[in-house]
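User: I would like to learn how to read a model like this one, feature by feature. Please give the general idea each time, then the case at hand.

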Amino acid sequence: MRQRSIRIAAGSTLAVLLAIILLVPLAPGWAAVKRSFFNAEVFAQTFPGLLNAFLLDVMIFAWCAPAIALLGLAIALCRDVRAPALFPLRLFGAVYTDVFRGLPVILVIYLIGFGIPGLGLPRPWNSPYIWGTVALVLTYSAYVAEVLRSGIESIHASQRNAAICLGLSERDTMRFVILPQAIRNVVPANMNLFIALQKDVALLSFIGPVEIFRQAGVYKSLFANFTPYVGAALIFLAITIPATRYADYLMNRQRQRRT
Amino acid sequence: MRSLSFAACAIALSASAAHAAGHGACAEGKTLEDGVLTIATGNPAYYPWVLNDAPESKEGFEAAVAYAIAEKMGFAEDQVTWVRTSFDEAIQPGAKNFDFNMQQYSITEEREQMVDFSLPYYTSAMAVLTTQSVVDKGIAPTAESMKGLIWGADANTTAVPMLNEMIAPESDPLLYGDNTDVTAAMQANQIDAALFDLPTALYLAAVVVEGGVVFGQIPADRAENPDQFGLLMEDGSALKECVDAAITELTDSGELAAIEAQWLQEATGVPVIE
């Protein structure tokens with residue numbers, strides 16, 4: 001029975017693939033599409049440059065990710081404070097997540113990337129790298145904060161009560177009881193955000209840095225050919241597909257643990 | 001009085017129709033729509049190429065050239081329609097929505113493999129746009145002196161390879177999606193200088209960038225690959241020979257030079273970069 005279903009699955013997959021491979025080239029515009037999107041010559045000429053430009057994406061990602069994690073955690077904690085005197089913090093957390101989740105990333109990058117340096121900051125403090133990073137960190141930490149908050153809220157109130165009974169302070173309860181469980185619960189969700197961040201790093205190109213998306217655009221313009229974008233897409237996929245699979249694996253493992 | 005001007009109009013119209021009939025043979029049946037020439041420009045179309053983003057007014061260098069070419073090809077003014085495209089739309093595979101596209105496309109060998117270009121209608125010098133405060137810091141119009149500046153350019157232009165060839169800046173240039181973003185970065189002091197074609201640089205310095213200066217130019221005859229603008233057409237366009245014939249005629253008769261003199265200011269005063 002199991003063998004049979006595997007055979008059927010393999011057969012139908014093969015049929016679909018064959019249909020695509022055979023039918024797409026029959027389209028009247030295929031030759032033109034192939035020439036401007038899948039041009040081997042242009043690909044060979046531009047791919048090394050694209051790989052080189054991708055290093056900048058990796059670097060931006062590498063310094064954004066920890067900053068996002070930290071700020072996201074801080075905002076999530078702001079939203080969880082219970083002391084009445086600290087209500088302004090709670091309010092700040094709510095407003096912050098509302099605003100930065102509600103704005104398109106590209107808009108924040110434009111406003112912060114050109115706006116703040118325009119105030120007259122001296123070099124190197126007006127660098128688009130700095131303010132572009134700030135924009136990404138502000139936006140993504142709002143998402144991460146919401147994910148972490150849902151993790152914190154998923155921890156049953158009895159845990160908190162038990163910790164208080166044991167004599168832990170509110171701070172220690174959060175640090176040693178709630179957060180370790182909460183963060184573990186939301187790792188897969190956060191992985192998804194970081195995969196999204198890997199792609200959104202390319203938006204920094206709008207304010208100047210020549211990362212892979214911009215480099216592909218330059219090649220596109222010089223060759224009047226879209227193949228460099230396909231090259232860039234392949235490079236992104238080479239990173240994001242393994243990352244997505246890893247997130248899936250984490251999610252599965254978590255589901256199995258719960259059941 | 002009114003009837004008189006009507007009569008004048010009628011005479012003018014019939015004259016231009018007669019004129020058109022003489023030339024119209026070449027383009028016949030080769031345009032998207034019979035008897036209509038569809039020309040594409042940018043969205044928005046920039047000064048001084050098109051004034052007030054209104055090519056129909058025939059004001060601005062490219063708008064004027066477009067109507068002159070149309071006339072030579074046998075299309076009267078009212079037979080010309082305008083559409084707007086981005087650069088990417090102009091080079092995408094598949095059917096085009098224009099007969100030719102005119103927005104300062106530089107003719108290059110690589111691009112020519114994917115699309116057709118007409119003969120050049122303008123050869124542009126490249127120019128360095130910067131601000132007075134950068135000039136005051138003491139730079140000289142030499143490639144050597146300007147290497148240390150932070151450079152910017154419009155990523156979709158041939159200014160990018162030109163910048164690397166002629167100036168070879170020490171730090172990687174910053175690239176932007178359009179003129180507006182380049183000038184925004186200059187205003188935010190994120191870049192010191194940017195490379196544009198000369199007419200665009202003169203306009204940006206005079207109108208857009210506060211304290212803007214066109215600091216130096218690289219004349220077309222000095223560059224290895226001079227920046228020549230051509231009309232962009234679909235690869236293998238049947239219209240190319242008619243367009244080329246019209247441009248040759250305009251060039252030989254001196255009409256093209258006259259249009260250039262009318263709409264593009266002379267850049268005397270801008271020093272040549274050594």
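Analyst: This is a predicted model. Start with one pair of residues: in S2(B), Trp82(B) is the bridge partner of Ile39(B).

User: Which strands does that pair belong to, and how do S1(B) and S2(B) run?

Analyst: S1(B) and S2(B) run parallel and are joined by 5 bridges. Strand S1 of chain B covers residues 37-41, and strand S2 of chain B covers residues 80-84. The link between them holds a helix: S1(B), helix H2 (residues 61-72) of chain B and S2(B) form a right-handed β-α-β unit.

User: What else does S1(B) pair with?

Analyst: S1(B) also pairs in the parallel sense with strand S3 (residues 100-106) of chain B, over 2 bridges. There, Asn101(B) in S3(B) is opposite Ala40(B).

User: Is S1(B) mostly covered or mostly open?

Analyst: Burial is judged by counting neighbours: a residue is buried if 20 or more other C-beta atoms lie within 10 Å of its own. By that count, 4 of the 5 residues of S1(B) are buried, and the strand is mostly covered. For chain B as a whole, 47% of its 274 residues are buried.

User: How should I read a helix such as H9(B), and is it enclosed or open?

Analyst: The general idea comes first. An α-helix has 3.6 residues a turn, so residues three or four places apart point the same way. As for helix H9 (residues 198-208) of chain B, it is largely enclosed by the rest of the structure, because 8 of its 11 residues are buried. The buried ones run from Leu198(B), Pro199(B), Thr200(B) and Ala201(B) to Leu202(B), Tyr203(B), Leu204(B) and Ala205(B).

User: How is chain B divided into domains?

Analyst: The domain assignment gives domain 1 as 2-123 + 229-263 and domain 2 as 126-218. Their centres, taken over C-alpha atoms, are separated by 30 Å. Each side gives 7 residues to the contact between domain 1 and domain 2 of chain B. On the domain 1 side, these are 4 nonpolar, 3 polar and no charged residues.

User: How do I read the contact between the chains, and how many residues take part?

Analyst: The size of an interface is often given as the accessible area lost when the parts come together. Here it is described by residue counts: 23 residues of chain A are in contact with 25 residues of chain B. On the chain A side, helix H2 (30-37) and helix H10 (212-223) are the elements that give two or more residues. H10(A) gives the most, with 6 residues. That side of chain A divides into 12 nonpolar, 9 polar and 2 charged residues.

Technical notes:
Residues are numbered from 1 along each chain as its sequence is written. Chains are lettered from A and ligands numbered from 1 in the order in which they are written. This is a predicted model: local features need pLDDT of at least 70, side-chain atom pairs count only at pLDDT 80 or more; totals for chains, interfaces and linings use all residues. Two residues are in contact if their C-beta atoms, placed from the backbone, lie within 7 Å. Ala, Val, Leu, Ile, Met, Phe, Trp, Tyr, Cys and Pro count as nonpolar, Asp, Glu, Lys and Arg as charged, and the others, Gly among them, as polar. Domain bounds come from an automatic or database domain assignment. A residue is buried if 20 or more other C-beta atoms lie within 10 Å of its own, exposed if 12 or fewer, and partly exposed in between; C-beta atoms are placed from the backbone. pLDDT is the predictor's confidence in each residue, from 0 to 100. Two strands pair if DSSP finds at least two bridges between them. A crossover is right-handed if, with the strands pointing away from the viewer, the path from the first strand over the helix to the second runs clockwise.
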